[in-house]
Protein chains: 4
Amino acid sequence: MDTGEQILQAALGQFSRRGYHAVSIRDICGEVGIRESSLYYHFKNKRALLDALLGRFAEKAGRFTSLLDEGMAQLTELEDEVFLRVGTGYVQGYLLDPEILAFFGMLRIEREHDPALAALYREWYFDRPLQFQTRMFARLSQTGRFPAGQEQRLALLYLAPILFLYEREFPLDSAEARARLLEAVRRHLEDFLKEHHP
Amino acid sequence: MDTGEQILQAALGQFSRRGYHAVSIRDICGEVGIRESSLYYHFKNKRALLDALLGRFAEKAGRFTSLLDEGMAQLTELEDEVFLRVGTGYVQGYLLDPEILAFFGMLRIEREHDPALAALYREWYFDRPLQFQTRMFARLSQTGRFPAGQEQRLALLYLAPILFLYEREFPLDSAEARARLLEAVRRHLEDFLKEHHP
Amino acid sequence: MDTGEQILQAALGQFSRRGYHAVSIRDICGEVGIRESSLYYHFKNKRALLDALLGRFAEKAGRFTSLLDEGMAQLTELEDEVFLRVGTGYVQGYLLDPEILAFFGMLRIEREHDPALAALYREWYFDRPLQFQTRMFARLSQTGRFPAGQEQRLALLYLAPILFLYEREFPLDSAEARARLLEAVRRHLEDFLKEHHP
Amino acid sequence: MDTGEQILQAALGQFSRRGYHAVSIRDICGEVGIRESSLYYHFKNKRALLDALLGRFAEKAGRFTSLLDEGMAQLTELEDEVFLRVGTGYVQGYLLDPEILAFFGMLRIEREHDPALAALYREWYFDRPLQFQTRMFARLSQTGRFPAGQEQRLALLYLAPILFLYEREFPLDSAEARARLLEAVRRHLEDFLKEHHP
DNA sequence: CATGAATGAGTGTTCATTCAT
DNA sequence: AATGAATGAACACTCATTCAT
């Protein structure tokens with residue numbers, strides 16, 4: 001891994017744990033094992049580090065959601081088993097993905113300082129997932145598994161508890177917290193299915 | 001208003017917007033209109049400012065919740081009208097209260113740096129409201145308005161969307177954002193009632 | 001004891017232990033139990049505290065030495081017993097007197113900053129004792145106990161080891177150190193007598 | 001001379017004149033001609049300056065004393081001429097060496113604040129020289145030049161007056177003071193020899 | 001590619017002092 | 001006599017950044 005990449009990894013790790021402002025160039029360089037002045041060969045300034053990371057985030061999150069979209073397109077019938085797998089997959093493969101977790105951790109802090117980051121956070125944390133779930137339930141209403149005309153409402157009732165349970169366990173740095181979260185999410189999904197049996 | 005109080009107000013405002021670490025003593029004193037050295041006449045150090053604010057928060061939040069408890073004790077029958085008023089009251093009188101809003105803003109940022117603050121945030125933002133709503137639905141199941149044995153689930157489905165809508169509108173500094181939030185919350189509450197008509 | 005006196009006592013204690021510069025007005029007032037601003041009713045500024053203490057010191061040291069002079073005037077014959085008692089009395093009653101110890105402790109530090117204090121230190125720590133001992137040995141040479149014409153030399157050989165042993169035990173805050181010092185001084189005095197038996 | 005060395009020299013000079021605590025980073029940087037922040041490139045913090053100086057002191061003092069030991073080992077007979085040269089050499093080459101003078105000046109002030117420095121001062125100012133002189137007189141008693149069995153006493157009578165005269169002339173910044181000191185020391189040494197002619 | 005060396009701006013904090021009350 | 005409130009200057013130290021090598 002070349003130095004630039006090492007720097008980015010270190011920066012992401014530290015930004016996500018302690019926030020952009022609380023992390024110093026010294027901290028990052030200390031982890032990488034280079035001098036502070038050397039960092040400026042790879043990045044124009046501290047802000048450029050953040051920007052590079054934000055670019056990666058958008059790309060990674062985009063990849064994940066288009067993957068979801070493709071998956072949804074192939075669905076024709078939904079068994080409950082699949083429904084559960086999709087829901088926990090969202091948590092395990094996205095919300096708990098170390099890099100995504102780090103990105104949101106960073107954004108959650110930094111959105112206070114920067115409207116652009118606030119917009120980014122809202123888009124990828126609230127709006128896009130909500131839109132996806134809405135489309136999802138629209139699709140599922142065609143199979144008869146969920147009632148039609150209530151897609152937005154269903155998406156909210158589906159998603160909000162997941163994020164509630166997710167945020168409540170912050171910071172998710174212990175395996176116990178993660179297990180607790182997954183268990184609570186699974187229960188929520190099962191209850192959700194029970195409430196909406198056709 | 002005496003200087004100590006002015007300092008606390010300024011500190012709360014800035015901490016909530018940018019976080020404890022990102023705010024300097026200079027920033028606070030600049031807003032109050034005193035020199036930095038003068039602040040140290042009123043508070044031992046920067047941390048003492050935070051502690052004083054945390055004390056206030058716990059007190060204020062405690063007052064609000066015990067008020068809610070008293071209110072609940074007096075309920076005998078629940079008309080939908082009252083249910084709506086209680087829900088929007090929680091948002092308007094608590095979540096949107098400028099001081100509470102500021103406190104949670106501050107905690108939301110600082111919990112990343114301080115486990116004690118993380119615990120405080122979880123307690124007052126997630127756990128206590130959830131417990132209260134659980135008790136509420138237990139009480140309402142006695143009146144027959146809501147099914148028995150599902151209090152926890154009901155509380156989650158009731159509360160999570162409210163916080164989802166609330167956080168999505170951050171920072172709530174414009175009247176439009178607040179109106180948008182209240183409208184969305186009201187819609188959620190009405191839907192909630194419809195779904196659970198006895 | 002009135003407040004002014006309390007302040008002086010506290011100041012002397014702290015100056016002697018930690019030096020004038022290292023002691024803050026806060027420290028002194030904290031010990032006395034008054035506010036910093038109150039101190040300025042009693043003393044013009046911090047330096048005035050030092051000056052007041054220096055005045056006392058000169059007075060006290062002067063009293064002690066004129067006492068010694070009177071004592072010497074009454075001596076007609078010197079038994080070794082008396083010689084020993086005078087020597088240990090100089091250490092116990094003067095060098096180890098808590099106030100004198102404090103004064104010299106303070107002067108030893110502060111003389112670096114202030115030529116006047118350097119002069120004061122030299123006068124009372126080196127020159128006056130040396131002069132006194134010189135007069136003493138001049139007197140004793142009349143009794144035949146010590147040889148004539150060597151008063152200065154005798155005074156130096158008598159005094160220097162005492163101060164050597166004294167300073168070597170700094171800081172003299174434990175009873176053990178004081179006992180160790182007195183024992184070493186007594187041995188020096190006995191040897192001194194033996195070397196100069198007539 | 002590189003910047004780090006310049007900083008150390010300036011620090012030693014100022015510490016010795018005014019004591020570690022009374023000297024600010026600003027003072028040192030002002031003398032060197034760099035900004036305060038630059039100092040931190042060379043030294044971790046203010047204490048690190050002191051530690052570096054203490055290390056040098058121990059090394060230099062150690063070098064000097066082992067030199068003395070070697071010199072003593074080669075002595076077979078002692079002529080008075082040599083005795084005088086050794087004594088004045090101790091004053092001129094050690095006590096008056098600018099760096100040693102500065103080190104002791106610093107230690108003399110700071111030992112009040114720091115037990116570790118107090119121990120260092122006692123060791124190199126009192127104990128080691130006393131031990132060396134004791135060994136010296138033990139060696140000389142074999143040549144018959146000094147009586148046996150009184151080495152400790154002789155060392156004290158030899159050394160204490162030197163230190164007495166030395167300290168009395170503080171601060172030794174004028175050539176006159178140094179000359180006065182050397183003259184007084186020479187007189188002491190000559191008297192010492194006279195008193196102990198075999 | 002990397003570093004040694006430097007810097008200006010800023011950090012929280014302590015200090016002796018003033019002055020109206 | 002004493003204090004509440006304030007202040008300018010100083011303190012040790014950190015920061016992101018620059019630039020010649």
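So, the area buried between chain C and chain D: together they bury about 2,900 Å², with 58% of that on carbon and sulfur atoms. Buried area here is the accessible area, with a 1.4 Å probe, that two parts lose on being put together, summed over both. On the chain C side, C:Arg153, C:Phe164 and C:Arg168 lose the most area to chain D, together 23% of what that side buries.

Quick caveat: this is a predicted model, where local features need pLDDT of at least 70 and side-chain atom pairs count only at pLDDT 80 or more, while totals for chains, interfaces and linings use all residues. Residues are numbered from 1 along each chain as its sequence is written, chains are lettered from A in the order in which they are written, and side-chain values use heavy atoms, leaving out hydrogens and water.

Okay, contacts, meaning heavy atoms within 4.5 Å. We get 30 residues of chain C touching 29 of chain D.

How many salt bridges are there between chain C and chain D? Seven, counting a side-chain nitrogen of Lys or Arg within 4 Å of a carboxyl oxygen of Asp or Glu. C:Arg153 turns up again here: it pairs with D:Glu195, and the closest N and O atoms are 2.8 Å apart.

Now, which helix of chain C gives the largest share of the side that touches chain D? That's helix 8, with 10 residues; helices are DSSP runs (H or I, at least four residues), numbered from the N terminus.

Methods:
Helices (H or I, at least four residues) and strands (E, at least two) are DSSP runs, numbered from the N terminus.
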